[in-house]
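I opened this entry to write down what I looked up in the structure, chain by chain and contact by contact.

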Amino acid sequence: MVKVRVPAQLRTLTGGSGEVSVEGSTVGEALKALDAAHAGFADRIFDEAGGLRRFVNVFLDDEDVRFLDGLATPIAAGQTLSIVPAVAGG
Amino acid sequence: MDFVSGLRCRECGRTYPAEALHVCDYCFGPLEVTYDYQRVAATMSRERIEAGPRTIWRYADLLPVSDAAPVDLGAGFTPLVRADRLAAELGLGELWIKDDTANPTGSFKDRVVSVALTKARQLGFKIAACASTGNLANSVAAHAARAGMESVVLIPHDLETAKVTMTSVYGGRVFAVEGSYDDVNRLCAELASEQPTWAFVNVNVRTYYAEGSKTLAFGVAEQLGWRTPDHVVVPIGSGSQLTKVAKGFAELWQVGLLDEEPSVRISGAQAEGCSPVATAFAEGTDAIRPVKPATIAKSLAIGNPADGWYALDAIRKSGGSCASVTDAEVIEGILLLARTEGIFAETAGGVTIATLAKLAGEGVIRPDERVVAMVTGHGLKTVEALSGTVGPTATIAPTLDAFAAAMGAEYELTDEPAPRSA
């Protein structure tokens, strides 16, 4: 199981919960499993081409998955995925 | 009263009421404040502005909040200095420095924070928070103190000493985070989901905050006699300031304050050790690839710039350019501006001046253009960058002989009288 941190903007999809658990051995699989468990996620975080939307950041523990292998990044036991709105700071 | 008609997603166009929202609930795109420009145009005039306070609030009709007593330390309306000596060095013609080192806490951030906290207070927030590379931290801590709000400021642990002191002195809570600015920013973005009762000025109040940067454009145009420059050079951290400078010039035209439609080329300035926007510009791509910053220009060290794409778009649409400069060039830029114009800028100002010099050398910025360079922070904030570079000419005993010896061979005593005015 992988823990997923959900930002406030998406908590309407999780019944208000800021943290849920899903199965998945890669970032992409885990996010698809998230959509299967809580319908609507895919529409909100993926663009038409199936990649992450421009203003959605996904972190595996401390690292932006864009610095790793993107959606193909493997997930090890005990790691946490965080979905974070990109528009912040500066 | 303000003239805000609402918030609108820059990506998908969905609209929202003017509340504490910064991203579109649907696609996470940034929200932009929209105004009823017809009503602004009917109210705003050069005379009304010129009769207003000598702060950003003289432009209140184009700001997203109206308050008879805003959260204000006097930000804005900083000097626009004609820079003939610097222009001569760079082979340019009409060159001006927008000297935003003169703001209350020494950087342009006072513009955005004054707007953000005034709006936050109106929305009912009691606590002001932010992620910062230093300048924003200084300004949030100071303005929160002024407003009687609590502050919670998060900064990277390795900031310059002055920026840490200038934040801590105001009595709020300051957290030095073991990580880069991008790590701090991520933490704040996550905190904002958990602490919806705090006003994170560059997260949940960011939509309003960012609007404060338009006042740089408003001030420049007013100080040029309601004319716009042909070319401006703007440093890029998150890219927000550059985007809002473009919006500011466009709005002045839209509400009828300019005689001629502006055609302002906007060029971006980055440090080579953190240049995701300059890289995308050079490669001709739309994609901003995040980077891990390594530069002395810490106030611009944002590896994943939230408005990078919009800054790139504004640069391209304006016919401007974007370049990056090395840390050595940043130091040279600081020294050049100080030596020619008497203005001491922080490292971000060094980035701006070095980029100005580079683009002038390449002929991108031309001698026939009226040029404005945005110098956005004071040099006292980043003195570490100059350690070992500048210092006393000599350390001497308090005697005439020691002075003469230190002055060297060309030093002579003279019989001439002191100069006297006629």
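The notes below begin with conventions, then go through chain A, the interface and chain B.

**Conventions.** I am working from a predicted model, in which local features need pLDDT of at least 70, side-chain atom pairs count only at pLDDT 80 or more, and totals for chains, interfaces and linings use all residues. Residues are numbered from 1 along each chain as its sequence is written, while chains are lettered from A and ligands numbered from 1 in the order in which they are written.

**Chain A, overall.** I looked up the secondary structure, where helices (H or I, at least four residues) and strands (E, at least two) are DSSP runs numbered from the N terminus. Chain A has two helices and five strands, and along the sequence they come in the pattern β-β-α-α-β-β-β. The radius of gyration, taken over C-alpha atoms, I compared with the globule rule, which is 2.2 Å times the number of residues to the power 0.38. For chain A the radius is 12 Å, close to the 12 Å from the rule for 90 residues, so chain A is as compact as a globular protein of that length. Its C-alpha atoms fill a box of roughly 35 × 30 × 25 Å along the principal axes.

For burial I used C-beta atoms placed from the backbone: a residue is buried if 20 or more others lie within 10 Å of its own, exposed if 12 or fewer, and partly exposed in between. By that count, buried residues make up 40% of the 90 residues in chain A. For contacts, the C-beta atoms of two residues, again placed from the backbone, must lie within 7 Å. Among chain A contacts between residues at least 6 apart in sequence, 50% join residues at least 24 apart.

**A:Leu13.** I found A:Leu13 in the loop between β1 (2-5) and β2 (19-22) of chain A. A:Leu13 counts as partly exposed because it has 19 C-beta neighbours inside 10 Å. Leaving out residues up to four places away in sequence, A:Leu13 touches A:His38, A:Gly40 and A:Phe41. From A:Leu13 to A:Val27 there are 14 residues in sequence and 19 Å in space, C-alpha to C-alpha.

**Interface.** How many residues of chain A are in contact with chain B? I noted 22 residues of chain A in contact with 31 residues of chain B. On the chain A side, β3 (56-60) and β5 (80-85) each supply at least two residues, and the largest share, three residues, comes from β5(A). I sorted residues by class, with Ala, Val, Leu, Ile, Met, Phe, Trp, Tyr, Cys and Pro as nonpolar, Asp, Glu, Lys and Arg as charged, and the others, Gly among them, as polar. The side of chain A that touches chain B then has eleven nonpolar, five polar and six charged residues.

Is B:Phe28 buried or exposed? B:Phe28 counts as buried because it has 27 C-beta neighbours inside 10 Å; it lies in the loop between β2 (15-16) and β3 (31-35) of chain B, and its phi is near 70°, a positive value in a residue other than glycine.

Helix α9 (residues 214-223) of chain B is mostly covered, with nine of its ten residues buried, among them B:Lys214, B:Phe218 and B:Glu222. After α9(B) comes B:Gly225, with a positive phi near 75°. B:Trp226 sits in the loop between α9 and β10 (231-235) of chain B and also has a positive phi, about 60°, although it is not a glycine. With 15 other C-beta atoms within 10 Å, B:Trp226 is partly exposed.

**Chain B, helix pairs.** For these I used axes that are lines fitted to C-alpha atoms, for helices over the stretch in contact, with angles from 0 to 180 degrees between N-to-C directions. Angles under 35 degrees count as roughly parallel, over 145 as roughly antiparallel, 65 to 115 as roughly perpendicular and the rest as oblique.

Helices α10 (residues 240-254) and α12 (residues 308-318) of chain B pack at about 45°, with their axes 8 Å apart, which means that α10(B) is oblique to α12(B). The contact includes B:Leu242 and B:Ala246 of α10(B) and B:Tyr310 and B:Ala314 of α12(B); its residues divide into five nonpolar, two polar and no charged.

Helices α13 (residues 327-341) and α14 (residues 347-361) of chain B pack at about 90°, with their axes 7 Å apart, which means that α13(B) is roughly perpendicular to α14(B). Among the contact residues I noted B:Ile334 of α13(B) and B:Gly350 of α14(B); by class the contact has nine nonpolar, four polar and two charged residues.
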